[in-house]
Amino acid sequence: MATLTRILDDYCEEVGMEGSHPAREHVARRLIALFSGGIDSPDDIKMALDSISKDFQTDLRVM
């Protein structure tokens, strides 16, 4: 769990999601789904998050 939290924290920092940003919970759920689905490499998880986060990254600048 500590590793997933670190991945989440690092990823959110990289994309500019500060603290309790509304999209952070969505990313956390997606990260857990990816991990549960067998993706366990931090780099692979970040790549997968990048591909799905493009849908809401534009909205991040507005929030």
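These legends describe close-up views of a predicted model.

View 1. The largest nonpolar core has 14 residues. Leu 8, Val 27, Leu 31, Ile 45 and Leu 49 are the members that touch the most other members. Two or more residues of this core come from each of helix H1 (2-15), helix H2 (22-36) and helix H3 (42-62). In soluble globular proteins, nonpolar side chains tend to be buried together.

**View 2. Helix H2 along its length.** With 15 residues at 1.5 Å a residue, H2 should span 21 Å. The C-alpha atoms at its ends are 23 Å apart, which agrees with that expectation. Just after H2, Gly 38 takes a positive phi of about 110 degrees.

**View 3. The buried and exposed sides of H2.** The buried residues of H2 are Ala 23, Arg 24, Val 27, Ala 28, Leu 31 and Leu 34. Seen down the helix axis, these buried residues fall within an arc of 145 degrees, so they line one face of H2. Pro 22, Glu 25 and Ser 36 are exposed on the other side of the helix. Val 27 and Leu 31, both buried in H2, are also among the core residues that touch the most other members.

**View 4. The surroundings of Arg 24.** Arg 24 is located in helix H2 and is one of the buried residues there. Leaving aside residues up to four places away in sequence, Arg 24 touches Leu 8, Asp 9, Cys 12, Met 17 and Gly 19. One of these, Leu 8, also belongs to the largest nonpolar core. The side chains of Arg 24 and Asp 9 are joined by a polar contact of 2.4 Å.

**View 5. The salt bridge between Asp 9 and Arg 24.** The model has three salt bridges in its count. In one of them, the side chains of Asp 9 and Arg 24 meet at 2.4 Å, N to O. Asp 9 lies in helix H1 and Arg 24 in helix H2, so the pair ties together parts that are 15 residues apart in sequence. Asp 9 has 33% relative accessibility and therefore counts as partly exposed. Side chains of opposite charge can pair when their charged atoms come close.

**View 6. The salt bridge between Lys 46 and Glu 14.** The side chains of Lys 46 and Glu 14 form a salt bridge at 3.6 Å, N to O. Because Lys 46 lies in helix H3 and Glu 14 in helix H1, this pair ties together parts that are 32 residues apart in sequence. Glu 14 counts as exposed, with a relative accessibility of 57%.

**View 7. Glu 25 and Arg 29 within H2.** Glu 25 is found in helix H2, and its side chain meets that of Arg 29 in a salt bridge (2.7 Å, N to O). Both residues lie in H2, four residues apart, about one turn of the helix. Glu 25 counts as exposed because its relative accessibility is 53%, and exposed means over 50%. Arg 29 has a relative accessible area of 48% and is partly exposed. The C-alpha atom of Glu 25 is separated by 9.7 Å from that of Leu 8, and the two residues are 17 residues apart along the chain.

Key: Residues are numbered from 1 along each chain as its sequence is written. This is a predicted model: local features need pLDDT of at least 70, side-chain atom pairs count only at pLDDT 80 or more; totals for chains, interfaces and linings use all residues. Side-chain values use heavy atoms; hydrogens and water are left out. A nonpolar core is a set of buried Ala, Val, Leu, Ile, Met, Phe, Trp, Tyr and Cys residues joined through side-chain atoms within 4.5 Å. Buried means under 20% relative accessible area, exposed over 50%, partly exposed in between (1.4 Å probe, protein chains only). The expected span of a helix is 1.5 Å times one less than its number of residues. The arc is that of the directions from the helix axis to the C-beta atoms. A polar contact is a pair of N or O atoms within 3.5 Å; within protein, one must be able to donate a hydrogen and the other to accept it, and residues adjacent in sequence count only if both atoms are side-chain atoms. Contact means heavy atoms within 4.5 Å. A salt bridge is a side-chain nitrogen of Lys or Arg within 4 Å of a carboxyl oxygen of Asp or Glu.
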